[in-house]
Amino acid sequence: MSRKNQTLGEFIIENQTSFKYTSGELSRLINSIRLAAKVVNHEVNKAGLVDILGAFGDTNIQGEDQQKLDVYANEKFIQTLTNRNIVCGIASEEEDHFITINSQDENNQNKYIVLIDPLDGSSNIDVNVSVGTIFSVYRRVTPLGTPVILEDFLQKGNQQVAAGYIIYGTSTMLVYTTGVGVNGFTLNPAIGAFYLSHPNMKFPEDGNIYSVNEGNYVHFPQGVKDYIKYCQMEEGNRPYTSRYIGSLVSDFHRNMIKGGIYIYPNTSKNPTGKLRLLYECNPMAFIAEQANGKASDGFTRILDIQPTELHQRVPFFCGSENMVGEAEEFMQKATI
Ligand code: P6P
């Protein structure tokens, strides 16, 4: 049950019983994400004013320059989740290895782990383009009270208990699912509360927006090249509109509201794709499917992929069900 203008806190309490694992812990986890989101939002919004821009001088495991806000956001989400003693493990795009929380405490009966991309699209910060945080929540699979191990993190996306993103855009929104639909909450910065602004979000089953970095066209698989030419043909409701701003959360969010498809395929530069399975593709795929959308690597449902490495990458096709289905047909035809 949801009411417009309900606060996130009221929504969590009111819907807690509908979550099959209800024990209050997940609610506390979402609440800690909410707090960290407000803290990071404050810094992102003033990034242009304070000298926290620019590369931190370090590079993360992806070999990418770490922007200072990447590091800040990573620290804030980890700190908030740790201080509230809610999770037993965290994996982050900004951390080479997973982090065990309170492993020395045999009484640590916390059963959830969180995987997070603390600030996706951070290269856009310097040019004032929206960026986002993406998070994914699982129940651990190893015994309570023991240190988490890699197996706890390498679960298929279909085992997620919650997933969401924060988009730091013209307004700041928190969009998440616990497997019972997708709801969007907009931050009122004047009072620091998130309000239910987008109840029961759904992808239109069709759309006319395609989001792909066409600068990589010559390196795309043939099926993607064929699909892009199909999008550009004058036929029926085509040509589609091309919209790509280089920020997954923003492109995804727009496509979920208006209808569209986002594609980051494998290329010669990124032979297994660029996006990370565990803390980008799986959470966005969980949200997409909960919103009647679809997500695959061009052939296989994202949520059914068995992870093998913490930072592994996969090709990503995600959006309106019929558009992703069309793109998959082109991928199949090109393999024949
Ligand atoms: P490219 C940001 O680095 C990101 O992970 C996504 O947010 C975005 O959609 C994509 O990479 C942009 O990558 O290669 O097109 O600049």
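How many residues of domain 1 are in contact with residues of domain 2? Count 48 in domain 1, against 33 in domain 2. Contact here means heavy atoms within 4.5 Å.

Before you select anything: this is a predicted model, where local features need pLDDT of at least 70, side-chain atom pairs count only at pLDDT 80 or more, and totals for chains, interfaces and linings use all residues. Residues are numbered from 1 along each chain as its sequence is written, and side-chain values use heavy atoms, with hydrogens and water left out.

**Stop 1: the two domains.** Select 8-198 for domain 1 and 209-335 for domain 2. These bounds come from an automatic or database domain assignment. The C-alpha centres of the two domains lie 23 Å apart.

**Stop 2: the interface.** Domain 1 and domain 2 bury about 2,900 Å² between them. Carbon and sulfur atoms give 62% of that area. Buried area is the accessible area (1.4 Å probe) that two parts lose on being put together, summed over both. Now pick Ile 134, Leu 154 and Tyr 165. They supply 20% of the area that domain 1 buries against domain 2, more than any other three residues.

**Stop 3: a helix pair.** Select helix 6 (residues 248-258) and helix 7 (residues 277-290). Helices are DSSP runs (H or I, at least four residues), numbered from the N terminus. The axes, lines fitted to C-alpha atoms over the stretch in contact, are 12 Å apart. The angle is about 10°, on a scale from 0 to 180 degrees between N-to-C directions. That makes helix 6 roughly parallel to helix 7 (angles under 35 degrees).

**Stop 4: their side chains.** Show Leu 248, Val 249, Phe 252 and Met 256 in helix 6. They meet Glu 280, Met 284, Ile 287 and Ala 288 in helix 7.

Methods:
Helices (H or I, at least four residues) and strands (E, at least two) are DSSP runs, numbered from the N terminus. Angles under 35 degrees count as roughly parallel, over 145 as roughly antiparallel, 65 to 115 as roughly perpendicular and the rest as oblique.
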